[in-house]
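Here are my notes for your read-through. Please keep the model open while you go through the points.

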Amino acid sequence: MKKLILASGSPRRKQLLEQGKLEFSISTSTVDENVDETKPPNEVVEELAMRKAKDVLLRHDDSIIIGADTIVSINGQILGKPNNETEATEMLQLLSGNDHDVYTGVAILSKMKTVLFHEKTVVSFWELTNEEIIQYIASGEPFDKAGSYGIQGLGALFVKKIYGDYFTVVGLPLARTIRELKTFEV
Ligand SMILES: Cc1cn([C@H]2C[C@H](O)[C@@H](COP(=O)(O)OP(=O)(O)OP(=O)(O)O)O2)c(=O)[nH]c1=O
């Protein structure tokens, strides 16, 4: 099999691929992540995953590249990473007591072949008190995460139920990614 490269600076995505016992290296993409937020969330995550993977393929065209992108969507609004405490507070207030969708898009590219897909997981949050939100923001956990929470960390305490692949929420639908990757082996 060709060399595998994860086009991501996300420590969670690295850990997940390691969990799948794959050998890979990391090359972070430097693409602009601005996107038309009126597009449907599935299109947004696929477009960004593709942009990240293509950027790295330009520098490593003999390899197989995995790019991914995760966003949260609630009532037609897309939530990415918060830029400051105010945005994190607003996002957590929106999510409190409601269901939201987490979309992760994945692009797997080689010179010869492209696989592009997304997965969606529905997450239901307990009602959060102002105190809980303030303490959570003070932990620093929200700031590099779509929707301002991490299900794999303290954010787990907000989750009533999930429907779909847990790993889609963490940033990479692991089982499907590995199944799709196998179609690249000849
Ligand atoms: C909802 C949620 C998101 N996240 C993370 C996954 C992603 O790392 C991040 C969304 O940002 P992304 O832009 O998808 O990824 P990234 O900037 O971390 O890494 P790169 O672009 O280099 O691949 O939010 C969690 O870790 N846990 C969660 O519960």
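How many of the five residues of strand β7 (residues 159–163) are buried?

1. The count is zero, and strand β7 is hardly covered. Bear in mind throughout that this is a predicted model. Strand β7 does have a pairing partner: strand β6 (residues 114–125) runs antiparallel to β7, with four bridges between the two.

2. F117 has 17 C-beta neighbours inside 10 Å, so it counts as partly exposed. Buried would take 20 or more, and exposed 12 or fewer. Setting aside residues up to four places away in sequence, F117 touches V106, R176 and E180. F117 and M50 are separated by 67 residues in sequence, yet their C-alpha atoms are 9.8 Å apart in space.

3. Next, the annotated residue. UniProt lists D69 under "active site", in an unreviewed entry. That annotation may be inferred rather than shown by experiment. D69 sits in strand β3 (residues 64–74). Is D69 buried or exposed? D69 counts as buried because 27 C-beta neighbours fall inside 10 Å. Leaving out residues up to four places away in sequence, the contacts of D69 are V45, L48, A49, K52, T104 and G105.

4. Now the helix pair. Helix α3 (residues 85–95) packs against helix α4 (residues 130–138) at an angle of about 135°, and the axes are 10 Å apart. The two helices are therefore oblique to each other. Angles over 145 degrees would count as roughly antiparallel. The α3 and α4 crossing is right-handed. On the α3 side, the meeting residues are E85, A88, T89, L92 and Q93. On the α4 side, they are I133, Y136 and I137.

5. Two backbone angles deserve a look. K21 is not a glycine, but its phi is positive, at about 60°. K21 lies in the loop between α1 (11–19) and β2 (25–26). With 7 C-beta neighbours inside 10 Å, K21 counts as exposed.

6. The other is N75. This residue is not a glycine either, and its phi is positive at about 45°. Where does N75 lie? It is in the loop between β3 and β4 (77–79). N75 is exposed, because 8 other C-beta atoms lie within 10 Å.

How values were computed:
Residues are numbered from 1 along each chain as its sequence is written. This is a predicted model: local features need pLDDT of at least 70, side-chain atom pairs count only at pLDDT 80 or more; totals for chains, interfaces and linings use all residues. Two residues are in contact if their C-beta atoms, placed from the backbone, lie within 7 Å. Two strands pair if DSSP finds at least two bridges between them. Axes are lines fitted to C-alpha atoms, for helices over the stretch in contact, and angles run from 0 to 180 degrees between N-to-C directions. Angles under 35 degrees count as roughly parallel, over 145 as roughly antiparallel, 65 to 115 as roughly perpendicular and the rest as oblique. A crossing is left-handed if the near helix is turned anticlockwise from the far one by less than a right angle, and right-handed if clockwise.
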